[in-house]
Amino acid sequence: MSIEVLSGKVFLVVTGASRGIGKQLAISVGSILEKGSHVLLLATNLNALKETAKNIPTSISVDTVSVDLALGTKEKLHDIVMQSLKNQVLNQFDRVVVIHNVGTMGHVNQYTNDLTDINVWHNYYDLNVFIPAILNGVIMQIFNENTNTEKLVINITSLFGIQPGKCLAYYCSGKAAREMIFKVFALENPEINVLNYSPGPVETDMYYEICNEVADDQTKTQFNDMLTKKTVLTCEQTVNRLLTVLKEQKYKSGDHVDYYDEL
């Protein structure tokens, strides 16, 4: 598939690339990049990242970095990106593409009234909200002087970022906050292509976490029924839809686009 916003030599960064949607994103996007492009994959599990990298063409250079992003700082993230780029000249890249995929559900076995531990809130927001914003800022600052380098930022969001779900207060509020950050980013940087992509219900570890652990019976039934009826998407299905959205470019920068949206 030829996609204009992924053409030329690309520096691609994908977080949470060791499994699920992040893994498929790295493989599918990495596989259509032009020779000479460079990919940086971030997650905690290094062995799983290396398995992801094996599925990307050898004409593309790939770095895999094991990092607990929840413990990231501006300085640490800057060092990781610069170490990956090594001695490469930044203006050799026609495009920078950042896919903010990393994310967790949080505790789904509790209702909102039970979420009274401030440290758990801090930890959840560190990984799911603050780090994506900081990493994005770091990468934009690194490439700030390269005005001829096109930039594409994709935030993997969720329908639960715009509608509530019982026992999903961490997830819903984190997705909502993170999406708004990237909407503001898009407004402030009209020259940058920003997409908040909601992948739909996808069969991943996180999906099964809700099926098995969510405290609310109605929510549990809803998610398990989708499995029974086989209406849950595969990672490949939702990533292919994302690639079509990117190819058609019918959205406005900063928009929330769901798998099921007709553009």
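Which residues does Leu 41 touch, not counting residues up to four places away in sequence?

**View 1. The surroundings of Leu 41 in this predicted model.** Leaving out residues up to four places away in sequence, Leu 41 touches Val 14, Ala 17, Ala 26, Leu 49, Thr 52, Ala 53, Ile 56, Val 62, Asp 63, Thr 64 and Val 65.

**View 2. The largest nonpolar core, with 37 residues.** Leu 41 turns up again here, listed with Leu 6, Leu 12, Ile 99 and Leu 246 as having the most contacts inside this core. At least two core residues come from each of strand 1 (10-15), helix 1 (20-30), strand 2 (38-43), helix 2 (46-53), strand 4 (95-100), strand 5 (150-156), strand 6 (193-198) and helix 8 (235-248).

**View 3. The largest pocket, with about 850 Å³ of space.** Its lining runs to 42 residues, and nearest the centre sit Ile 21, Met 105, Tyr 171, Thr 204 and Met 206. Helix 1, helix 5 (169-188), helix 6 (205-213) and helix 7 (217-228) each put in at least two lining residues, and helix 6 has the largest share, at 4 residues. Sorted by class, that lining is 21 nonpolar, 16 polar and 5 charged residues.

**View 4. The second largest pocket, at about 230 Å³.** Here 14 residues make up the lining, with Thr 104, Gly 106, Tyr 124, Leu 127 and Asn 128 nearest the centre. Helix 4 (118-142) supplies the largest share, 5 residues, while helix 6 gives at least two.

Notes
Residues are numbered from 1 along each chain as its sequence is written. This is a predicted model: local features need pLDDT of at least 70, side-chain atom pairs count only at pLDDT 80 or more; totals for chains, interfaces and linings use all residues. Side-chain values use heavy atoms; hydrogens and water are left out. A nonpolar core is a set of buried Ala, Val, Leu, Ile, Met, Phe, Trp, Tyr and Cys residues joined through side-chain atoms within 4.5 Å. Buried means under 20% relative accessible area, exposed over 50%, partly exposed in between (1.4 Å probe, protein chains only). Contact means heavy atoms within 4.5 Å. On a 1 Å grid over the protein atoms alone, a cavity is a set of points where a 1.4 Å probe fits but cannot get out, and a pocket is an open set with protein on both sides within 12 Å along at least five of seven lines; lining residues have an atom within 4 Å of a point. Grid points are joined across faces, edges and corners, and a volume is the space filled by probe spheres set on the points. Ala, Val, Leu, Ile, Met, Phe, Trp, Tyr, Cys and Pro count as nonpolar, Asp, Glu, Lys and Arg as charged, and the others, Gly among them, as polar.
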